[in-house]
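Dear colleague,

My notes on it follow.

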Amino acid sequence: TSTATWKFISSGTPFNPAGRGLLELALLLQSTAYDPLIDPATDQERSMEFLAKEFADKWWGFPSDIYTLLSNIIENDIKGVIFLSGDTHNSGIDDGTNSLIPEIMVGGLDRTNSRLHAMAKEMFKVDIWNKGGHSYDNNIPPDLGNAYGRVKVCGADSVVLQVVSESQNVLAR
């Protein structure tokens with residue numbers, strides 16, 4: 001019954017249902033020639049079991065919850081919903097193309113950058129955050145340090161979402 005133009009859902013983990021593909025791939029590739037993967041930027045090994053556990057800890061591991069939320073939004077014709085999420089120690093923005101609801105995902109990097117966006121795009125060939133974020137192709141050299149999210153409501157006509165690095169580079173908009 002809200003009359004607000006914009007409705008923000010804050011979640012500790014990313015919502016973007018397209019991330020389910022990452023979980024399915026990690027499960028499928030266990031004990032194959034692709035396990036473990038080597039991150040080309042860091043030479044770090046990542047086992048498919050580790051990745052599957054990481055991916056299952058997001059909304060992606062709970063498809064019935066995603067369905068319930070989306071059904072409620074659709075059935076009640078709720079407009080102007082935007083997701084604000086985190087927990088990945090990484091960042092990305094999707095305009096709703098993949099996530100069904102526009103989403104800005106910016107997790108405080110209190111530990112090493114997980115490079116989830118870059119890994120999804122470069123290693124798994126899954127482009128979940130279509131407006132960018134922490135990836136190898138943003139800057140040369142890549143700006144993979146800490147970042148924060150900026151949300152600017154521009155009245156009833158638009159909301160601007162930005163991922164901004166600690167060196168003030170806009171990584172995604």
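**Surface and fold**

The protein exposes about 9,000 Å², of which carbon and sulfur atoms supply 53% (accessible areas by the Shrake-Rupley method with a 1.4 Å probe; for residues, only the protein chains shown count as cover). This is a predicted model, in which local features need pLDDT of at least 70 and side-chain atom pairs count only at pLDDT 80 or more, while totals for chains, interfaces and linings use all residues. Residues are numbered from 1 along each chain as its sequence is written, and side-chain values use heavy atoms, with hydrogens and water left out.

Of the 173 residues in the protein, 45% are buried (under 20% relative accessible area, with exposed over 50% and partly exposed in between; 1.4 Å probe, protein chains only). The secondary structure consists of four helices and nine strands, in the order β-α-β-β-α-α-β-β-β-α-β-β-β from the N terminus (DSSP runs numbered from the N terminus: helices H or I, at least four residues; strands E, at least two).

Strand S5 (residues 91-94) directs Ser91 and Ile93 one way and Gly92 and Asp94 the other way, and all are buried. S5 pairs with strand S6 (residues 103-106) in the antiparallel sense over four bridges (pairing requires at least two DSSP bridges between two strands). Within this pair, serine 91 stands opposite valine 106 in S6.

Valine 151 belongs to strand S7 (residues 147-153). Valine 151 counts as partly exposed because its relative accessibility is 38%.

Yours sincerely
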